[in-house]
Amino acid sequence: MKELMRTTDPTLIAYAQALLQGEGIATFEMDVHMSVLDGSLGILPRRLMVREAEHFIASAVLRDNEIPTGL
């Protein structure tokens, strides 16, 4: 797995996942439950992971839809 994007915005993660799912790219969201540690303030970013073989295509999908990857 390779990190595709990192953000504190859960709606952006959901949007990116929907776009990638539409392209047949499987995703895995990491650090979802870290909000318990920061008191649900949303200051710890979530990471969206994809298979290393699909990283280039997934990056292109996000770039084409003007979603910042932050990497």
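Biologist: Which strands does H2 lie across?
Modeller: In this predicted model, H2 lies across S1 and S3. Its direction runs at about 30 degrees to S1.

Biologist: Which residues of H2 are buried?
Modeller: His55, Ala58, Ser59, Ala60, Val61 and Leu62 are the buried ones in H2.

Biologist: And what do those buried residues pack against?
Modeller: The buried residues of H2 pack against S1, H1 and S3.

Biologist: What about the backbone just after H2?
Modeller: Glu66 sits there, with a positive phi of about 55 degrees.

Biologist: Step back a bit. How many helices and strands are there?
Modeller: The chain has two helices and three strands. In sequence order the pattern reads β-α-β-β-α.

Biologist: In what order do the strands sit in the sheet?
Modeller: The order is S1-S3-S2. The sheet is open, and the pairing is antiparallel.

Biologist: Which strands are at the edges?
Modeller: S1 and S2 are the edge strands, as each pairs on one side only.

Biologist: What is the twist?
Modeller: From one strand to the next, the twist averages 25 degrees.

Biologist: Where does H1 go?
Modeller: H1 packs on the sheet and touches S1, S2 and S3. The direction of H1 makes about 10 degrees with that of S3.

Biologist: How many bridges join S2 to S3?
Modeller: Four bridges join them, and the two strands run antiparallel. Take Met30 as an example: its bridge partner in S3 is Arg47.

Biologist: Stay on Arg47. What does Arg47 touch?
Modeller: Leaving out residues up to four places away in sequence, Arg47 touches Glu3, Met5, Arg6, Phe28, Glu29, Met30 and Asp31. Arg47 itself belongs to strand S3.

Biologist: Which side chain makes a polar contact with that of Arg47?
Modeller: The side chain of Asp31 does, at 2.7 Å.

Biologist: And what separates the C-alpha atoms of Arg47 and Arg6?
Modeller: They are 4.4 Å apart. Along the chain, the two residues are 41 residues apart.

Biologist: Next, Glu29. Is Glu29 buried or exposed?
Modeller: Glu29 counts as buried, because its relative accessible area is 19% and the cut-off is under 20%. Glu29 is placed in strand S2, residues 27–30.

Biologist: Which residues is Glu29 in contact with?
Modeller: Setting aside neighbours within four places in sequence, the contacts of Glu29 are Ile13, Gln17, Arg46, Arg47 and Leu48. With Arg46 there is also a side-chain polar contact, at 3.1 Å.

Biologist: Now the threonines. Thr7 first: buried or exposed?
Modeller: Thr7 is buried, at a relative accessible area of 13%. Thr7 lies in strand S1.

Biologist: What does the side chain of Thr7 reach?
Modeller: The side chain of Thr7 reaches the backbone nitrogen of Asp9, at 3.1 Å. Not counting residues up to four places away in sequence, Thr7 touches Leu12, Ile13, Pro45 and Arg46.

Biologist: And Thr11, buried or exposed?
Modeller: Thr11 counts as exposed, because its relative accessibility is 55% and exposed means over 50%. Thr11 is found in helix H1.

Biologist: What does the side chain of Thr11 pair with?
Modeller: The side chain of Asp9, in a polar contact of 2.5 Å. Asp9 turns up for Thr7 as well, through its backbone nitrogen.

Biologist: On to the core. Which residues touch the most other members of the largest nonpolar core?
Modeller: Leu4, Met5, Leu20 and Leu48 do. That core has 13 residues.

Biologist: Which elements give two or more residues to this core?
Modeller: Strand S1 (2–7), helix H1 (10–22), strand S3 (46–50) and helix H2 (55–64) do. H1 gives the largest share, four residues.

Biologist: What share of the chain counts as buried?
Modeller: Of its 71 residues, 31% count as buried.

Biologist: And the surface?
Modeller: The chain exposes about 4600 Å². Carbon and sulfur atoms supply 56% of that area.

Biologist: Last one. What share of the contacts comes from residues 24 or more positions apart?
Modeller: They account for 70% of the contacts with a separation of 6 or more.

Definitions and conventions: Residues are numbered from 1 along each chain as its sequence is written. This is a predicted model: local features need pLDDT of at least 70, side-chain atom pairs count only at pLDDT 80 or more; totals for chains, interfaces and linings use all residues. Side-chain values use heavy atoms; hydrogens and water are left out. A nonpolar core is a set of buried Ala, Val, Leu, Ile, Met, Phe, Trp, Tyr and Cys residues joined through side-chain atoms within 4.5 Å. Buried means under 20% relative accessible area, exposed over 50%, partly exposed in between (1.4 Å probe, protein chains only). A polar contact is a pair of N or O atoms within 3.5 Å; within protein, one must be able to donate a hydrogen and the other to accept it, and residues adjacent in sequence count only if both atoms are side-chain atoms. Contact means heavy atoms within 4.5 Å. Accessible areas come from the Shrake-Rupley method with a 1.4 Å probe; for residues, only the protein chains shown count as cover. Two strands pair if DSSP finds at least two bridges between them. Axes are lines fitted to C-alpha atoms, for helices over the stretch in contact, and angles run from 0 to 180 degrees between N-to-C directions.
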